[in-house]
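Hi there,

Here is the structure I promised to pass on. Have a look at it first, and my notes follow right below.

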Amino acid sequence: MNKKLKKQNNNHIAEITFWGVRGSIPSPGASTAYFGGNTSCISIKYKDRYIILDAGSGIRIFGNHLIKENKISGNKVDLFISHTHWDHIQGLPFFATAFIKGNTIRILGPKLFGTPFEKVISNQMEHSYFPIRLKNLSADIKFCELAIGRYENLIDDITVETILNNHPVIDMGYKFIFPNNKILCYISDFEYYSDFYYQSLKKSNKPALEKIGRKVLSDLRIQFLNFIENCDVLIIDSVYAKEEYPKKIGWGHSVFEDIFEVATKAKVKHLCFFHHEPNSTDEHLKNIEKQYNTLNKKIKLIQKITVAREGLTINI
Ligand SMILES: [Zn+2]
Ligand SMILES: [Zn+2]
């Protein structure tokens with residue numbers, strides 16, 4: 001590698017910060033204080049703008065942070081919503097930046113069947129649920145529906161790719177390719193296509209469908225592996241231990257073991273377990289981090305394994 005290229009690769013281009021790492025429901029309390037109890041929200045500071053991944057309750061903390069930093073007006077925000085389950089949109093009505101004139105917020109998310117994406121998002125601010133309408137917020141708010149594919153001109157000089165996540169609603173995974181060729185993948189929520197998952201599908205299917213099922217499953221695995229292959233940072237739904245999973249098949253979440261295995265195959269550099277179960281205590285999550293780092297030490301295929309926690313920053 002020549003010196004110039006090496007220098008370029010060592011330069012950080014974006015700063016990724018976690019504001020909410022939980023799934024399903026906020027879970028504050030003494031037993032979750034270290035990793036945090038807010039639901040999904042991540043910010044990526046890139047040049048003069050912010051890319052936000054999901055609007056769980058963590059987005060409230062991010063909005064307060066901007067105000068504390070005196071970034072009150074003039075903010076450019078691209079908010080990518082993976083899907084419209086409650087824990088990924090519930091923070092939006094409490095995002096201070098949206099209440100301030102002079103801020104520009106673009107909300108991007110999957111094109112849904114039937115009801116437009118904008119309508120599903122704004123429905124949570126109907127008068128039965130919330131006192132203020134989305135249309136009454138002072139920031140300039142626009143919506144953008146995305147399909148599965150590759151976008152070259154969506155944000156500045158970043159290439160964005162999308163993939164459909166296996167989850168019981170239309171749910172999108174995102175890949176951001178930065179101009180220094182660093183890659184971030186965000187996959188939440190997602191149930192991995194494991195053998196066990198396949199077996200349980202098979203039981204509920206007619207035997208004639210079995211052959212088709214295995215081919216589809218193998219294609220989906222390849223497609224997923226290709227999507228995350230060689231990425232620098234993979235932030236991914238990892239919720240259950242293998243023993244818990246049989247009771248939760250089809251709920252749309254993955255097993256730690258499966259994610260570790262696929263990330264290893266895909267040569268991911270930094271694996272970040274995300275979307276923690278609300279009842280997972282700090283002690284449990286610290287053990288998970290220790291367990292997978294010990295396992296990884298033997299094979300050394302992944303450079304770093306982290307359990308996401310509020311306030312953690314990763315440079316890319
Ligand atoms: Zn979720
Ligand atoms: Zn979900």
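Strand β12, residues 270-274, is mostly covered, with four of its five residues buried. Buried here means that 20 or more other C-beta atoms lie within 10 Å of the residue's own (exposed is 12 or fewer, partly exposed in between), with C-beta atoms placed from the backbone. Helices (H or I, at least four residues) and strands (E, at least two) are DSSP runs, numbered from the N terminus. Please keep in mind that this is a predicted model: local features need pLDDT of at least 70 and side-chain atom pairs count only at pLDDT 80 or more, while totals for chains, interfaces and linings use all residues. Residues are numbered from 1 along each chain as its sequence is written, and chains are lettered from A and ligands numbered from 1 in the order in which they are written.

On one side, β12 pairs in the parallel sense with β11 (residues 233-237) over five bridges; two strands pair if DSSP finds at least two bridges between them. The chain gets from β11 to β12 through helix α6 (residues 256-265), and this β-α-β crossover is right-handed, that is, clockwise from the first strand over the helix to the second when the strands point away from the viewer. β12 also runs parallel to β13 (residues 304-307), joined to it by four bridges, and with helix α7 (residues 282-299) these two strands make another right-handed β-α-β unit. L271 in β12 stands opposite L234 and has I305 as its bridge partner in β13.

L234 turns up again in the largest nonpolar core, which has 75 residues; L234 and A263 are among those with the most contacts inside it. Such a core is a set of buried Ala, Val, Leu, Ile, Met, Phe, Trp, Tyr and Cys residues joined through C-beta atoms within 7 Å. Strand β10 (residues 183-187) gives the most to this core, with five residues. Beyond its neighbours within four places in sequence, A263 is in contact (C-beta atoms within 7 Å) with L234, V268, L271 and I302.

There is also an open, mixed sheet of seven strands, in the order β6-β5-β4-β3-β2-β1-β14. β6 (140-146) and β14 (313-315) are at its edges with a single partner strand each, so one side of each has no neighbour in the sheet. Within this sheet, β2 (residues 41-46) and β3 (residues 49-53) run antiparallel, joined by five bridges, and Y46 stands opposite R49 in β3.

Best wishes

Conventions. Two residues are in contact if their C-beta atoms, placed from the backbone, lie within 7 Å.
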